[in-house]
Amino acid sequence: MPRYRYHSIRNCSLLIIDECHHCNKKHPSAEIMRQHYHPSKNGDPDRVPRVFGMTASPLWNAKNPAKAISDLEALLDARIVELHTATFRSELEQNTPKAAETLVEFDTAGDTLVSAPPVFAFSFLPSTAPL
């Protein structure tokens with residue numbers, strides 16, 4: 001969707017922005033929103049995609065967090081929704097893969113197992129709960 005107009009943002013139904021907390025200043029995602037999304041929305045609000053931004057850290061301005069959130073919501077034309085872990089704990093536990101820990105002790109000079117500092121190997125098991 002660069003300036004050359006190979007694709008029009010009006011032909012998209014969903015715009016997904018990962019790590020959307022970077023969507024500020026001259027970041028490419030911010031430029032897409034400024035140069036393509038907002039002008040299209042001003043022309044025809046029904047012909048712009050829905051925006052789904054994902055981030056684990058929506059606050060990039062610790063000095064003024066309310067402004068940072070407000071600016072991000074305005075630029076993305078979206079609302080920040082927080083997932084409260086306590087509310088969804090049982091659902092998260094059912095649908096989150098569980099790590100199986102295996103303790104492996106080895107001698108770094110050879111390949112003989114000894115009581116050396118442990119190395120942890122993790123393997124993720126599929127969740128037994130249906131999605």
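Does Asp-77 count as buried, partly exposed or exposed? In this predicted model, Asp-77 counts as partly exposed, because its relative accessibility is 32%, and a residue is buried only under 20% and exposed only over 50%.

**Nonpolar core**
- The largest nonpolar core comprises 13 residues, and those with the most contacts inside it are Ile-17, Cys-23, Met-33, Tyr-37, Val-51 and Leu-76.
- Two or more residues of this core come from each of β1 (14-18), α1 (28-43) and α2 (65-76).
- Beyond four places in sequence, the contacts of Met-33 include Leu-15, Ile-17, Cys-23, Val-51 and Leu-76.

**Nonpolar surface**
- Leu-14, Ile-16, Phe-52 and Met-54 make a nonpolar surface patch of about 370 Å², to which β1 and β2 (50-54) each give two or more residues.
- Leu-14, in strand β1, is partly exposed at 47% relative accessible area.

**Salt bridges**
- The structure contains three salt bridges.
- Asp-77 pairs with Lys-41, with the closest N and O atoms 2.6 Å apart. Asp-77 lies in the loop between α2 and α3 (85-95) and Lys-41 in helix α1, so the pair ties together parts that are 36 residues apart in sequence.
- Glu-31 and Arg-34 meet at 3.0 Å, N to O; they are three residues apart in helix α1, about one helical turn. Glu-31 is buried at 18% relative accessible area, whereas Arg-34 is partly exposed at 36%.
- Asp-71 and Lys-67 meet at 2.7 Å, N to O, and both lie in helix α2, four residues apart.

Methods: Residues are numbered from 1 along each chain as its sequence is written. This is a predicted model: local features need pLDDT of at least 70, side-chain atom pairs count only at pLDDT 80 or more; totals for chains, interfaces and linings use all residues. Side-chain values use heavy atoms; hydrogens and water are left out. A nonpolar core is a set of buried Ala, Val, Leu, Ile, Met, Phe, Trp, Tyr and Cys residues joined through side-chain atoms within 4.5 Å. Buried means under 20% relative accessible area, exposed over 50%, partly exposed in between (1.4 Å probe, protein chains only). Contact means heavy atoms within 4.5 Å. Patches are made of residues with over 30% relative accessible area and no salt bridge: like charges are joined within 9 Å, nonpolar side chains (Val, Leu, Ile, Met, Phe, Trp, Tyr) within 5 Å. Accessible areas come from the Shrake-Rupley method with a 1.4 Å probe; for residues, only the protein chains shown count as cover. A salt bridge is a side-chain nitrogen of Lys or Arg within 4 Å of a carboxyl oxygen of Asp or Glu.
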